[in-house]
Amino acid sequence: MLPSQPLLHAGVFALAVLQALASDTFIAAVYEHAVILPDPTDKPVSPDAALALMNKNMDVLEGAIKEAAQQGAHIIVTPEDGIYGWQFTRESIYPYLEDIPAPVVNWIPCTDPSRFGPAPVQERLSCMARNNSIYVVANIGDKKPCNSSDPGCPSDGRYQYNTDVVFDPEGKLVARYHKYNLFTTETQFNYPKELEAVTFETPFGKFGIFTCFDILFHEPAVVLVSKMQVDTVLFPTAWMNVLPFLTAVEFHSAWAMGMRVNLLAANTHKTSLAMTGSGIYAPDGARTYSYNMKTEDGHLLIAELDAHPCLSPASPPAVSWSSYALSVKRLSQDDHDFTGIIFHDQFTFTELTKPGGDLTVCQKDLCCHLSYKMAGKRDDEVYVLGAFDGLHVVEGQYYLQICTLLKCKSTDPDTCGQPVETAQTEFEMFSLSGTFGTNYVFPEVLYSGVQLAPGEFEVLNDGRLINKTKPTKPVVTVTLFGRWYEND
């Protein structure tokens with residue numbers, strides 16, 4: 001006699017758990033989704049129209065989830081705004097929201113969909129996870145009623161939250177996270193009253209979750225890694241690339257290396273808004289990534305990761321970020337320095353005028369040191385060493401210390417710091433360090449064509465970012481991106 005469907009599903013799930021327990025690694029997937037957007041409107045559409053739009057996006061996500069599961073993935077992350085987009089006012093987003101309970105209720109929406117009122121989106125996501133025996137991570141909207149006894153209650157009588165949800169391979173809701181650091185344009189949502197440091201245990205490590213802009217701040221990003229000691233961070237995002245430092249693949253890879261943790265970053269895909277760049281990142285570099293500004297296609301990425309990266313032999317050692325730089329005497333003179341703007345911040349630059357050598361540039365308490373050798377000095381390209389030590393105040397306030405070797409847009413020094421994607425100059429070697437006042441420093445090398453350099457550079461325990469092999473492509477930037485959270 002054939003086993004009943006519930007028993008069959010339980011057996012499959014138990015087998016998957018045992019397989020995961022038997023391994024120190026797991027298979028991760030992220031999907032970069034070209035979101036189908038609603039027509040812009042200030043007035044709410046009907047609930048049926050909202051659900052129809054969301055089902056179109058979930059049809060695409062379901063295909064990616066099935067493919068990931070067929071390729072052995074244990075978990076898949078989908079993007080922020082991936083189910084309904086972002087063209088909303090506070091009023092017009094309301095039909096897209098659902099009441100999302102706390103995971104302590106022990107709920108499987110796929111088998112009990114009406115327990116907390118209408119929840120068709122949660123039901124479908126839960127069934128995707130259950131039917132494919134895979135953890136599913138998605139971003140949706142939560143609504144919570146409030147009343148006049150709550151002094152913070154909005155005038156419309158409800159809180160609205162940008163929310164991540166996680167369903168386990170049985171379809172059970174195991175995590176709910178309300179985005180803590182809203183981007184300036186997210187006026188349709190409320191800030192949660194308190195920080196939510198959301199974690200959950202899996203057979204392949206301890207996971208944490210946060211959303212997009214959160215990654216730039218101490219709460220919850222650093223709290224999850226340093227205090228909660230998660231192994232892997234799940235990161236739905238809708239990231240608009242900003243060269244030269246805040247391209248998605250560059251910064252997210254650097255953050256994973258600097259924090260010594262796995263990061264599963266799933267971005268939305270909209271080239272007109274410079275939204276692209278997803279990846280699966282480990283402390284020793286990107287395992288796989290995608291940056292595509294040429295087409296409007298979605299893209300599935302799958303890679304194997306260590307379940308406990310800090311215990312892995314490949315995990316980089318702890319770094320004393322200012323150790324080497326503090327021992328170096330300043331070699332360049334102030335009269336050769338000049339200023340330039342990178343993403344609204346005023347950097348101090350000094351030009352690389354020779355094919356090789358040693359340079360230092362300082363701003364406030366930060367001195368950046370560079371040793372380098374070019375394969376050949378070109379007359380049509382200019383590179384500078386730059387330093388920034390200060391409070392960034394656009395689209396949020398956060399204190400930065402940045403050391404960077406970067407290519408200028410043209411031979412005109414006034415263009416240094418403007419976005420550049422391509423280069424032709426080849427380097428034989430580079431060594432970059434800085435007198436950082438923070439231990440939170442994120443290292444990255446960006447090659448021509450917005451390509452990463454996994455395995456081609458390393459950070460020594462004295463704080464030097466150096467090339468391990470001769471760079472295989474022309475360099476756009478070599479950067480140490482420091483966040484001094486205490487100075488925010």
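Guide: Contact, as I use the word, means heavy atoms within 4.5 Å. This is a predicted model, in which local features need pLDDT of at least 70 and side-chain atom pairs count only at pLDDT 80 or more, while totals for chains, interfaces and linings use all residues. Residues are numbered from 1 along each chain as its sequence is written, and side-chain values use heavy atoms, with hydrogens and water left out.

Visitor: Okay, which residues does Asp-380 touch, leaving out those up to four places away in sequence?

Guide: Asp-380 touches Thr-411 and Gln-424. The side chains of Asp-380 and Arg-378 are also joined by a polar contact of 2.9 Å (a pair of N or O atoms within 3.5 Å; within protein, one must be able to donate a hydrogen and the other to accept it, and residues adjacent in sequence count only if both atoms are side-chain atoms).

Visitor: New topic: how is the protein divided into domains?

Guide: There is domain 1 (22-311) and domain 2 (322-487), with bounds that come from an automatic or database domain assignment. Their C-alpha centres lie 32 Å apart, and 27 residues of domain 1 are in contact with 29 residues of domain 2.

Visitor: How many salt bridges are there between domain 1 and domain 2?

Guide: The count between domain 1 and domain 2 is 0, where a salt bridge is a side-chain nitrogen of Lys or Arg within 4 Å of a carboxyl oxygen of Asp or Glu. Across that interface, however, there are 5 residue pairs in polar contact, both residues being at pLDDT 80 or more.

Visitor: So what is the salt bridge count by this rule for the model?

Guide: The count comes to 15. In one of them Arg-124 pairs with Asp-59, the closest N and O atoms being 2.5 Å apart. Asp-59 is partly exposed, at a relative accessible area of 46%.

Visitor: What about Lys-144, which side chain does it meet in a salt bridge at 2.6 Å, N to O?

Guide: That is Asp-99, which counts as partly exposed at 29% relative accessibility. Lys-144 also forms a salt bridge with Asp-142, where the closest N and O atoms are 2.7 Å apart, and Asp-142 counts as buried at 0% relative accessibility.

Conventions. Buried < 20%, exposed > 50% of the residue type's maximum accessible area, 1.4 Å probe, protein only.
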